[in-house]
Amino acid sequence: MTTLTRRSALTLAATAVATPSLVLAQAATPAAPVSTHFVLPPLGYAYEALEPHIDTATMGFHHKNHHNAFIGNLNNLVAKWDGLTKASVTDILTDLSKVPEDSRMAVRNNMGGHANHTFFWDIMTPGGAKSPTGDLMPAIVQAFGSVGQMQVLLSQAGMGRFGSGWAWMVVNKEKKLTIINTPYQDSPLMDGNIPVIGVDVWEHAYYLKHQYRRADYLKVWFNVVNWDKALGNFKKAMA
Ligand code: MN3
């Protein structure tokens, strides 16, 4: 990364005006990603499928731009540490101490972002069960008192995450359902927590429709939770 001083930025701008062909030549040859190992996973539904709760524009930008940025960064990180392609995303995030120190924070942020968003697209759906099903229902009642109380606690976890991050219902290391939040793109897996459901509370996840009203977004988000998928996550975590 080159840091432009004000003087060199001005010089570059002047050069660009004088020789547009130079700018075009540079724009036409972006640095090719080092690897193609990481691929943006498709959504299982259309960008407009979660309307009116999650708007089409937000879904499009969030998937094609935000998530895809993590993919590009991970493919470039392969040049720095090729261990990225040799273990599963889950295994790497579960023990970041195995990542070389000079790549660790970049892996934590970008692989965390990739894993969290992949999980997030899957845990939303336009159809399916509208409340917890199977073994997950009694487990939620036992852990939190009721589904409504679980929703209150998850919303509080999302509201309580200052700045950017995520709120989660997880199965913890003691095999107990619990509500947590994580900062930035930190994955629950980093602390041995297996996510059952989780919601992105970065502003980019809701600002186009809900502006600053994160609480409104958290409220409507429960309308699109994929409870069938949540049950599968729960069963796998408890196995
Ligand atoms: Mn996001």
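I looked up the hairpin of S1 and S2 first: five residues lie between the strands, and Lys175 there takes a positive phi near 60°. Strands are DSSP runs of E with at least two residues, helices runs of H or I with at least four, both numbered from the N terminus. The model is predicted, so I note that local features need pLDDT of at least 70, side-chain atom pairs count only at pLDDT 80 or more, and totals for chains, interfaces and linings use all residues. Residues are numbered from 1 along each chain as its sequence is written, and side-chain values use heavy atoms, without hydrogens and water.

I then followed the neighbours of S1 (residues 165-171). Seven bridges join S1 to S2 (residues 177-183), and the two run antiparallel; strands pair if DSSP finds at least two bridges between them. Val171 has Leu177 as its bridge partner in S2. S3 is also antiparallel to S1, with six bridges, and Met169 is partnered there by Ile197.

I checked how covered S1 is. Seven of its seven residues are buried (under 20% relative accessible area, 1.4 Å probe, protein chains only; exposed is over 50%, partly exposed in between). One side holds Gly165, Ala167, Met169 and Val171, the other Trp166, Trp168 and Val170.

I went on to the manganese ion. Its protein donors are His62 (NE2), His117 (NE2), Asp200 (OD) and His204 (NE2), 2.0 to 2.1 Å from it. Donors are N, O and S atoms within 2.8 Å of the metal (3.2 Å for Na, K and Ca), and sites may look incomplete because water is not among the atoms. His62 in helix H3 (residues 56-77) and Asp200 in S3 (residues 194-200) are 138 residues apart. Both His62 and Asp200 are buried.
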